[in-house]
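Hi everyone, thanks for coming. Let me put the structure up so that we can walk through it together.

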Amino acid sequence: MNSNSQEDSVDDGYDENGYDRPSKSQVKRDMHALLDLGKQLIALSPERLKQLPLEERLYEAIRMAQRTTGREGLRRQVHFVGKLMRDAPADVIRKQLDVWENGSREETAAMHRLEGLRDRLLDDDDALTRLLSLNPQADVQQLRTLIRAARKEKLANASLLQGQEPQKKHYRALFQALKTLTL
């Protein structure tokens, strides 16, 4: 058996091409990824930035980039942030950004479900019965009052002339009641 087999080269720290470090292209891709992550951080609010595990120097560089208005100055500051990102826990930061991004999608989907439920309650009497069977703790009288008022409001809005503002007070109140009920 040949002692210089492919398995030996993998075990001694070299990649499949015989190199002991990443290629220049890979290093460049990694640097651009850190630069892009730095740009995402610059776009965040100060409250969100404080929640991330950033060193003080990186945090201050990001805040400086947020305050910089000149085009060339901003470009240089962004590259400085990218350079400082080399020492930052990029994976942890990416994971937190992903949580914030997907969390907002989940909240939006929940709001859309509540809007659909509100519309069903306004159109169908059986929807209230189904809602109450799922939420026996609900204030039946309050929900019936809100639904009745929102239906009257909807009828009044249907007969408005063009240019008149529709009333949505009870429509919104019903949504808020549903929101507190399902939380």
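Of the 183 residues in this protein, 27% are buried, where buried means under 20% relative accessible area, exposed means over 50%, and partly exposed is in between, using a 1.4 Å probe and protein chains only. Please keep in mind that this is a predicted model: local features need pLDDT of at least 70, side-chain atom pairs count only at pLDDT 80 or more, and totals for chains, interfaces and linings use all residues. Residues are numbered from 1 along each chain as its sequence is written, and side-chain values use heavy atoms, with hydrogens and water left out.

Now the overall layout. The protein has 9 helices and 0 strands; these are DSSP runs numbered from the N terminus, with helices being H or I of at least four residues and strands being E of at least two. The radius of gyration is 28 Å, well over the 16 Å that the globule rule gives for 183 residues, so the protein is more spread out than a compact globule. For that comparison, the radius is taken over C-alpha atoms, and the globule rule is 2.2 Å times the number of residues to the power 0.38. Along the principal axes, the C-alpha atoms fill a box of roughly 85 × 55 × 30 Å.

What about contacts, meaning heavy atoms within 4.5 Å? Taking those between residues at least 6 apart in sequence, 59% join residues at least 24 apart.

Let's go inside. In soluble globular proteins, nonpolar side chains tend to be buried together. How many residues does the largest nonpolar core have here? It has 23 residues, and those with the most contacts inside it are L41, L54, M85 and I93. Helices α2 (24-42), α4 (56-67), α5 (71-84) and α6 (90-123) each supply at least two residues of this core. A nonpolar core, by the way, is a set of buried Ala, Val, Leu, Ile, Met, Phe, Trp, Tyr and Cys residues joined through side-chain atoms within 4.5 Å. Apart from this core lies another, of 18 residues, among them L121, A127, L132 and L181.

Not counting residues up to four places away in sequence, L54 touches L41, L49, Y59, I62 and I93. L132 has a relative accessible area of 17%, so it is buried. Leaving aside neighbours within four places in sequence, L132 is in contact with A138, V140 and L143. L132 and L143 are 11 residues apart in sequence, and their C-alpha atoms are 9.6 Å apart in space.

Next, an arginine that I'd like you to look at. Leaving out residues up to four places away in sequence, R118 touches Y171, L174, F175 and L178. R118 also lies over the face of Y171, at 3.7 Å from the ring centre. The rule here is that NZ of Lys or CZ of Arg is within 6 Å of the ring centre and within 35 degrees of the ring normal. By that rule, R48 lies over the face of W100, at 4.4 Å from the ring centre.

Two more stops. Q66 lies in helix α4 and is partly exposed, with a relative accessible area of 25%. The Q66 side chain makes a polar contact with the R63 side chain, at 2.5 Å; that means a pair of N or O atoms within 3.5 Å where, within protein, one must be able to donate a hydrogen and the other to accept it, and residues adjacent in sequence count only if both atoms are side-chain atoms. Setting aside neighbours within four places in sequence, Q66 is in contact with L41, I42, L44 and L49.

Finally, L160 sits in the loop between α8 (140-158) and α9 (169-182). At 30% relative accessibility, L160 counts as partly exposed. L160 touches E165 and P166, not counting residues up to four places away in sequence.

Terms used
Contact = heavy atoms within 4.5 Å.
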